[in-house]
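I set aside some time to go through this model and note what I looked up, entry by entry.

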Amino acid sequence: MRSGVLIVDDDEGQRGVLAEMLSSLGFPVATAADGREALTRLASVSFGVILTDLMMPRMDGFELLKELAARGDHTPAIVLTGMGTIDHAVSVVHDLKAFWFLEKPVQPAALRTLVERAMQQSRLLNETERLNRQLAYQGVLGDLVGTSPEMKEVFSMVRQVAGTTASVLITGESGTGKELVARAIHQLSARRNGPFVAVNCAALPESLMESELFGHEKGAFTGAVDRRVGCFEQANDGTLLLDEIGEMPIGTQAKLLRVLEEHKVRRLGSGQQIAVDVRVLAATNQSPEKAIQNKRLREDLYYRLNVFQVSLPPLRDRKSDIPMIAAALIRNLNKKHSCRVNQISREGIALLQAHGWPGNVRELRNVIERAVIVAGEGEIHLRHLPDLVAPSQHPIARSEQSHEQSEDTLQIRIGDRLDEIEEAYIRRVLKYTNNNKTRTAEIVGLSLRGLHNKLNAYAEKNFKDISVSANR
């Protein structure tokens, strides 16, 4: 019944008149006597529009819309108002994001126009949600990309929590895309039309942290030449991301906890509290538990922020996503740099997937950006990739101009044994890295201990071969 209208009014006669009007205009109609009955109906049936009175017993229109907003229900609502409640209706439209208000007595022409427009918005919202679900299934959610099981799990958690008002703690190594997760949660929430403000707590000196978060009045401290609005006020009716929350000074954490509990901020140098309606998300690249043990994160703040946790996997654990991420990055970077790159060669993708990516997706983006600029158009080849991934003397980057054996190639003949090929390859990489075993292990995809085991096995094998030859 998504095209239907739910009428919520405690006046039975008014409900009947409105139901008759809307039925004559071709809209399916259902009715409820108050907010509680409306919630019961909404639990089993989806409506395109809600038409609600403000003043009702048990649960009035204000509480109904607040509850719907808390549940993440974005059904357009038209508020019915008499002459004495117009100011209240305007407030509901502004504060609770109602679609619009309609004065009593209701005129059929005005009712039809508003309901049709609200229905149009409802269809757009449904289509947006459908497309988001489809994109998530295809491996795209906002600016997040991936079809690996790890990213599918992240997408599922983001969709679950986005429509709620719960605080979210986003964890993961630097460069994994924690801010992208926060933005996706914001865009899928009822606050999507409000501001999204991100603050990097690690980038702010302790002396400026409270001013940045809460604001200050002119003259509050030396250098405060003007009034400043803090991030909480800037993010009012929207979402605030506190990135690297573990780097926030303990004293500021105590004040933050108070703001989260009271929903009020006080600018530095002011005695007045300001009410704020902000959803707070937090992110950290540290282990929260270790941060608590090391007295860098207050335990009570952690529990306040960690209502729901989303953990991002490092890129090295989802290398199957690299081709898809690279394609998305190329599309964006083509626009940024006016380039016409269409893809990365198969050899290029293989090299990208062989790299360890300690800097995660942020490092990958930097590599792709350089390659897009260098290539300019067409296909990205090995020669376009930076030294970090494919140096010009890379042992497995066979020359694209010559098939002759050289320092940067390793020829394999039919009949060569796999163990001999592996040994020749590892020794070639060792030569390339000037015997840097840590770098060699990274290039060939082994742990440092694994590389040492290989080298010890080769040495033992060669010693045995020499001994056998000597005894002949």
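**Entry 1: asparagine 200**

I began with asparagine 200, which lies in strand 9; helices (H or I, at least four residues) and strands (E, at least two) are taken here as DSSP runs, numbered from the N terminus. Before going further I noted that this is a predicted model, in which local features need pLDDT of at least 70 and side-chain atom pairs count only at pLDDT 80 or more, while totals for chains, interfaces and linings use all residues. Residues are numbered from 1 along each chain as its sequence is written, and side-chain values use heavy atoms, with hydrogens and water left out.

Leaving aside neighbours within four places in sequence, asparagine 200 is in contact (heavy atoms within 4.5 Å) with Asp243 and Glu244. The C-alpha atoms of asparagine 200 and aspartate 243 are 4.7 Å apart, although the two residues are 43 apart in sequence. I also looked up the side chain of asparagine 200, which reaches the backbone nitrogen of alanine 202 at 3.0 Å; a polar contact is a pair of N or O atoms within 3.5 Å, where within protein one must be able to donate a hydrogen and the other to accept it, and residues adjacent in sequence count only if both atoms are side-chain atoms.

**Entry 2: the sheet**

Which strands make up the open sheet, and in what order? I read 5 strands in the order 9-12-15-8-16, with parallel pairing, where two strands pair if DSSP finds at least two bridges between them. Strand 9 (196-200) and strand 16 (308-311) stand at the edges with a single partner strand each, so one side of each has no neighbour in the sheet. On average, neighbouring strands of this sheet are turned by 20 degrees against each other, direction ignored; axes are lines fitted to C-alpha atoms, for helices over the stretch in contact, and angles run from 0 to 180 degrees between N-to-C directions.

I then followed the pairings one by one. Strand 9 is joined to strand 12 by 5 bridges, and valine 199 stands opposite leucine 242 in strand 12. Another 5 bridges join strand 12 to strand 15, where leucine 241 stands opposite leucine 281. Strand 8 (residues 168-171) is joined to strand 15 (residues 279-284) by 4 bridges, and the partner of valine 168 there is leucine 281. Helix 6 (residues 149-162) packs on the sheet and touches strand 8, strand 15 and strand 16, its direction making about 155 degrees with that of strand 16.

For strand 12 I checked burial separately: 5 of its 5 residues are buried, with Thr239, Leu241 and Asp243 on one side and Leu240 and Leu242 on the other.

**Entry 3: the nonpolar cores**

Which members of the largest nonpolar core touch the most other members? Of its 29 residues, these are Phe232, Leu240, Leu242, Ile245, Met248 and Leu256; such a core is a set of buried Ala, Val, Leu, Ile, Met, Phe, Trp, Tyr and Cys residues joined through side-chain atoms within 4.5 Å. Elements that each supply at least two residues of this core include strand 9, strand 12, strand 15 and helix 8 (206-214), while the largest share, 4 residues, comes from helix 10. Phenylalanine 232 touches, among others beyond four places in sequence, Leu213, Phe214, Leu240 and Leu256. Apart from this core lies another, of 26 residues, among them Leu315, Ile322, Ile349 and Val372.

In helix 17 (residues 437-444) the buried residues are Thr440, Ala441 and Ile443. Seen down the axis of helix 17, they fall within an arc of 165 degrees (taken from the directions from the helix axis to the C-beta atoms), so they line one face of the helix. Helix 17 is followed by glycine 445, whose phi is positive, near 85 degrees.

Methods: Buried < 20%, exposed > 50% of the residue type's maximum accessible area, 1.4 Å probe, protein only.
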